[in-house]
Amino acid sequence: MKLSVGLAKEGAEKRLQGRGINRRDFMKFCAGVAAVMGMEASFAKQVAAALTDPRRPSVVYFHLAECTGCTMSVVRTVNPYIDELLFDTISLDYQKTLMAAAGDNFKAALEQAVTSPYGYIAVVEGGIPTKDNGVYGRTGGNTMLEIAEKYLPNAEAVIAIGACANFGGIQAAAPNPTGAMGVNELMEHLGLETRAINVAGCPPSPYNFVGTVVHLLTKGMPALDRLNRPRMFYGDTVHELCERLDHYFNYEFAATFDSEEAKKGWCLLEVGCKGPDTFNNCPEVKFNETNWPVEAGHPCIGCSEPRFWDQMTPFYKPL
């Protein structure tokens, strides 16, 4: 079932043109989103229609216990810049990092978005400290726990973006002194049936986030794996998609980072690559359409997996 739509926001394409994004660039971006979603090229037209429809749901983006790296990953996407495109077309009505409003106007924007009769999509970046009633994480006069308890249960859909919102993040690493939790763990703790879609990674690919939003707008809830990650982005391991896979099958492994084998692009399994145990599409999508860690010579650290900071360490030794 598709989401209901929010208040009209007319002239999206005209506004994009005013920002220097022409129709060709916009459709190229939509085609890229369609490809990442595993759709045929013709689906780009539906992506474009979903992002420029004058009636779209409000998106409310909460920053909880995190470093804002997921937002920075999204806004640094190029061709065209995603903040100029996506954040103008999906009716993003509340986002602390990107909003100019402050004080009472800032709070009023949130209340207006979450009380819309058409509903809202909640995006959460960051884990939620829960120990001692959440006193270890506060923003705007409220604990992050209070914010999550108040706004997430009423959302039409919840997207948890990044490792912190997915599984608690580095602040949930042992011994987890603040009782930090991911969104789904908190919802289960509160006895709620609602579950968040986990757009996994530290940070995740911006295209995985955009593709999730587009799927909600065009087709409804995407198929999820056992960790609530969209299968269209997290259905294969990094290892299976890696451009160094042939070296793995040929038993060609780099023993050190400064070895001749490493310079030749041999498999990084022996220096700690966690690709065989990590589900993500990094080798196909890359970051900024340019590169990804293994191609740059660094092993995958398993950042889209639960508790990778505990279970995948030490990072430079094989599991």
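These legends go with close-up views of a predicted model.

**View 1. The largest pocket and the residues around it**
Welcome to the largest pocket, which holds about 300 Å³ of space. Its lining is made of 16 residues, and the closest to the centre are Lys 107, Leu 110, Gly 140, Asn 142 and Tyr 151. Three elements, β1 (58-63), α6 (103-114) and α7 (144-151), each contribute at least two lining residues. Which of them gives the most? That is α6, with 5 residues. Sorted by class, the lining of this pocket has 6 nonpolar, 5 polar and 5 charged residues.

**View 2. Strand β1, covered on both faces**
Now look at β1, one of the elements that line the largest pocket. Is this strand mostly covered or mostly open? Mostly covered: 6 of its 6 residues are buried. In a regular strand, side chains alternate between the two faces of the sheet. On one side of β1 you can find Ser 58, Val 60 and Phe 62, while Val 59, Tyr 61 and His 63 sit on the other, and all of these are buried. The strand has a partner too: β1 and β3 (residues 120-125) run parallel and are joined by 6 bridges.

**View 3. The largest nonpolar core**
In soluble globular proteins, nonpolar side chains tend to be buried together. Here the largest nonpolar core brings together 36 residues, and Val 33, Val 47, Ile 159, Phe 209 and Val 214 have the most contacts inside it. Helix α10 (residues 206-218) gives the most to this core, with 7 residues. There is also a second, separate core, which has 28 residues, including Ala 160, Met 181, Leu 186 and Met 187.

**View 4. Ile 159 and its contacts**
Zoom in on Ile 159, one of the residues with the most contacts inside the largest nonpolar core. Which residues does Ile 159 touch, leaving aside neighbours within four places in sequence? Its contacts include Ile 121, Ala 122, Val 123 and Val 124. Ile 197 and Val 199 are also among them, as are Phe 209, Thr 212, Val 213 and Leu 216.

**View 5. The largest cavity**
The whole structure has 3 cavities of 30 Å³ or more, and the largest has a volume of about 120 Å³. Of the 13 residues that line it, those nearest its centre are His 239, Cys 242, Cys 267, Leu 268 and Cys 273. Helices α12 (238-241) and α13 (245-249) each supply at least two lining residues. By class, the lining of this cavity has 10 nonpolar, 2 polar and 1 charged residues.

Conventions:
Residues are numbered from 1 along each chain as its sequence is written. This is a predicted model: local features need pLDDT of at least 70, side-chain atom pairs count only at pLDDT 80 or more; totals for chains, interfaces and linings use all residues. Side-chain values use heavy atoms; hydrogens and water are left out. On a 1 Å grid over the protein atoms alone, a cavity is a set of points where a 1.4 Å probe fits but cannot get out, and a pocket is an open set with protein on both sides within 12 Å along at least five of seven lines; lining residues have an atom within 4 Å of a point. Grid points are joined across faces, edges and corners, and a volume is the space filled by probe spheres set on the points. Helices (H or I, at least four residues) and strands (E, at least two) are DSSP runs, numbered from the N terminus. Ala, Val, Leu, Ile, Met, Phe, Trp, Tyr, Cys and Pro count as nonpolar, Asp, Glu, Lys and Arg as charged, and the others, Gly among them, as polar. A nonpolar core is a set of buried Ala, Val, Leu, Ile, Met, Phe, Trp, Tyr and Cys residues joined through side-chain atoms within 4.5 Å. Buried means under 20% relative accessible area, exposed over 50%, partly exposed in between (1.4 Å probe, protein chains only). Contact means heavy atoms within 4.5 Å. Two strands pair if DSSP finds at least two bridges between them.
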